[in-house]
Amino acid sequence: MPPPPWVGVVTGLVSAFLPNTRSEALARLEAFLPIASDYGASRNHVVPGHPNVSRLSPATRTRGILESEILAAARMQYAPEVIEKFEQEVWWRLYWKGWLEQRPEIWTGYREALNPLRWSDRARAVTAGESGIAILDHFTRELIATGYLHNHARMWWASWWIHGEGLPWELGAHFFLQHLRDGDAASNTLSWRWVAGLHTKGKAYLVRRSNLERYVAADLLAEHGDGLERLESVEVRSLPWQDPSPPLRVCAADPEPGTRSGIWIHDEDLSVERSPLSGLSPAAILATAPAGLWEREAYSPDKRTFLHTALADGAERAAAHFRVPGETLDARDLADALVAWAGRERLDTVVALAPFTGPLADEVPGLAAALGHRGVRLNLVRRPEDVIVMNRATGGFFGFWERVRGR
Ligand SMILES: Cc1cc2nc3c(=O)[nH]c(=O)nc-3n(C[C@H](O)[C@H](O)[C@H](O)COP(=O)(O)OP(=O)(O)OC[C@H]3O[C@@H](n4cnc5c(N)ncnc54)[C@H](O)[C@@H]3O)c2cc1C
């Protein structure tokens, strides 16, 4: 769907609010740390400008900044018990990543269910900010304009979509992925499933008027109060439960030296210079903006611009680290682009950090085959710390947290 006309007006204000590059992410973290000790008490409050939360998520999603860096910086300033809630939230992302990585069929199932779905008139109205519940419509406009929503607003919005409107959760999750700058296959899909009652048996998340009245800033709710009464009587819509499959092990792979290699950089991990690839001597570096994939996924113009900027920043940092030119390429056909680059640079191996389960990882078998036809190997490497952590995301979050806290 085309973006509404007011989008461009607001987008220009976003970069100060959300980080695009690593240096902006580091500055955002520095600005957030002095208030991190209040996070546990204030994080659930939805206040214009979202001063109570870090707004680091676009950078964590693309790994312009690493979770380990955020946790270490917070621990430098605070005792663990002071920032426990913040640490837990940072770990939630890794938990979701590990949980999905161990059960990729959840992602495939979501995609298969999404494919035949069509936008009903009601789904169109709700995603155009015309649900009739003014505060949720405000959140819709905020999401489209800024590429960000507060966690609580995401929960209320998703819950209304699923349990209030009775719309398919997969379509709502897709709408979020189109617009969220931090849109992530694991955090998004699994959070939507959790709200729907599909993650923990017998537990769905239900939106309540009283909850909004408690947590939305009074002025904001007063300005957008119409239709709030409709949130008083929402009931859980039971969706068919399926037991999750047993977890698969996430495996490590090392970068293999000795051949003429090039490093491929993608938007799932933009810190190759802080990764197991850092010791390689690549002949070339290529960051790809997979325009064809973004088009198929109908990513918003704002999200594409953000990803492009973040990719160029990642390529620039990698070029400085490895001392070879770093190129950022708009790749309508990703396989063609990688094959042409590997040919031009006479590469034997293309090395990359392994994309996590999600739209880009879905492309990997095709990319490996296309490169393989030209005698080029695709060597995908995982961070050892990811492998350790992800293999611990076997059950619920709090068991995971007990196993990882203090790492
Ligand atoms: C329906 C729904 C969809 C969501 N979709 C996404 C998504 O696509 N991508 C995404 O990154 N998060 C998603 N979340 C989780 C969460 O809302 C965002 O991570 C958080 O709002 C980001 O804002 P922040 O950086 O200010 O977070 P902060 O509160 O400052 O937290 C710091 C960091 O911890 C991580 N984090 C915080 N809360 C969560 C959480 N509940 N789950 C996982 N990681 C968390 C993020 O990396 C975040 O940057 C979703 C939540 C819901 C309910």
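This is a predicted model: local features need pLDDT of at least 70, side-chain atom pairs count only at pLDDT 80 or more; totals for chains, interfaces and linings use all residues.
Helix α11 covers residues 151-164. The helix has 14 residues, and at 1.5 Å a residue these should span 20 Å.

Most of α11 is covered. Of its 14 residues, 11 are buried. The buried set includes the tryptophans Trp156, Trp157, Trp160 and Trp161. Ala153, Arg154, Ala158 and Ser159 are also buried. Ile162, His163 and Gly164 complete the list. Several helices contribute to the cover over these residues. Among them are α9 (121-127) and α10 (134-146). Others are α12 (169-179), α13 (185-196) and α14 (209-215). Just after α11 comes Gly166, with a positive phi of about 70°.

Most residues other than glycine have a negative phi. Arg55 has a phi near 55°, a positive value. Arg55 sits in the loop that runs between α4 (39-42) and α5 (57-62). This residue counts as buried, because 22 C-beta neighbours lie inside 10 Å and the cut-off is 20 or more.

Ala298 also has a positive phi, near 55°. Its loop lies between α16 (291-296) and α17 (301-322). Ala298 has 13 C-beta neighbours inside 10 Å, so this residue counts as partly exposed. Thus Arg55 is buried, whereas Ala298 is partly exposed.

Note on methods. Residues are numbered from 1 along each chain as its sequence is written. Helices (H or I, at least four residues) and strands (E, at least two) are DSSP runs, numbered from the N terminus. A residue is buried if 20 or more other C-beta atoms lie within 10 Å of its own, exposed if 12 or fewer, and partly exposed in between; C-beta atoms are placed from the backbone. The expected span of a helix is 1.5 Å times one less than its number of residues. Two residues are in contact if their C-beta atoms, placed from the backbone, lie within 7 Å.
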